[in-house]
Amino acid sequence: MTTEFWFNTRTHEVEEGKVSPAVDRAGPYATRDEAAAAIRTIQERNARLDAEDAADD
């Protein structure tokens, strides 16, 4: 079984496995480092989607 890492959006901590409730988790990520960078990844993705939405208006 492959280990999954999750980013807890409430505590901003990386968790190994499904520790927290789903509403507080982002992921899964393949590595601890990817999960640790999740907040940056989420912010970049949101900015890109916001720009695409603005371009559609």
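A residue is termed partly exposed when its relative accessible area lies between the limits for buried, under 20%, and exposed, over 50%. By that definition R48, at 47% relative accessibility, counts as partly exposed. The structure discussed here is a predicted model. A search of the whole structure finds 3 salt bridges, and the largest nonpolar core has 6 residues.

**Nonpolar core**

- The largest nonpolar core is formed by F5, F7, A26, Y29, A35 and A38.
- Two or more residues of this core come from each of β1 (5-8) and β3.
- In soluble globular proteins, nonpolar side chains tend to be buried together.
- Apart from neighbours within four places in sequence, the core residue Y29 is in contact with E4, F5, F7, E34, A35 and A38.

**Salt bridge between D24 and R10**

- The side chains of D24 and R10 form a salt bridge, with an N to O distance of 3.4 Å.
- This pair links distant parts of the chain, as D24 lies in the loop between β2 and β3 and R10 in the loop between β1 and β2, 14 residues apart.
- D24 counts as buried because its relative accessibility is 14%, which is under 20%.
- R10 counts as exposed because its relative accessibility is 57%, which is over 50%.

**Salt bridge between R32 and E16**

- A salt bridge also joins the side chains of R32 and E16, at 3.5 Å from N to O.
- Because R32 belongs to helix α1 (residues 32-36) and E16 to strand β2, the pair ties together parts that are 16 residues apart in sequence.
- R32 is partly exposed, at 40% relative accessibility, and E16 is partly exposed, with a relative accessible area of 49%.

**Salt bridge between E52 and R48**

- The side chains of E52 and R48 meet in a salt bridge with an N to O distance of 3.8 Å.
- Both residues lie in helix α2 (residues 38-56), and because they are 4 residues apart, about one helical turn separates them.
- E52 counts as partly exposed, at 40% relative accessibility, and R48 is likewise partly exposed, at 47%.
- Side chains of opposite charge can pair when their charged atoms come close.

**Loop residue V19**

- V19 is located in the loop between β2 (14-16) and β3 (25-29).
- V19 counts as exposed because its relative accessibility is 59%, which is over 50%.
- The C-alpha atoms of V19 and A47 are separated by 28 Å, and the two residues are 28 residues apart along the chain.

Methods:
Residues are numbered from 1 along each chain as its sequence is written. This is a predicted model: local features need pLDDT of at least 70, side-chain atom pairs count only at pLDDT 80 or more; totals for chains, interfaces and linings use all residues. Side-chain values use heavy atoms; hydrogens and water are left out. Buried means under 20% relative accessible area, exposed over 50%, partly exposed in between (1.4 Å probe, protein chains only). A nonpolar core is a set of buried Ala, Val, Leu, Ile, Met, Phe, Trp, Tyr and Cys residues joined through side-chain atoms within 4.5 Å. Contact means heavy atoms within 4.5 Å. A salt bridge is a side-chain nitrogen of Lys or Arg within 4 Å of a carboxyl oxygen of Asp or Glu.
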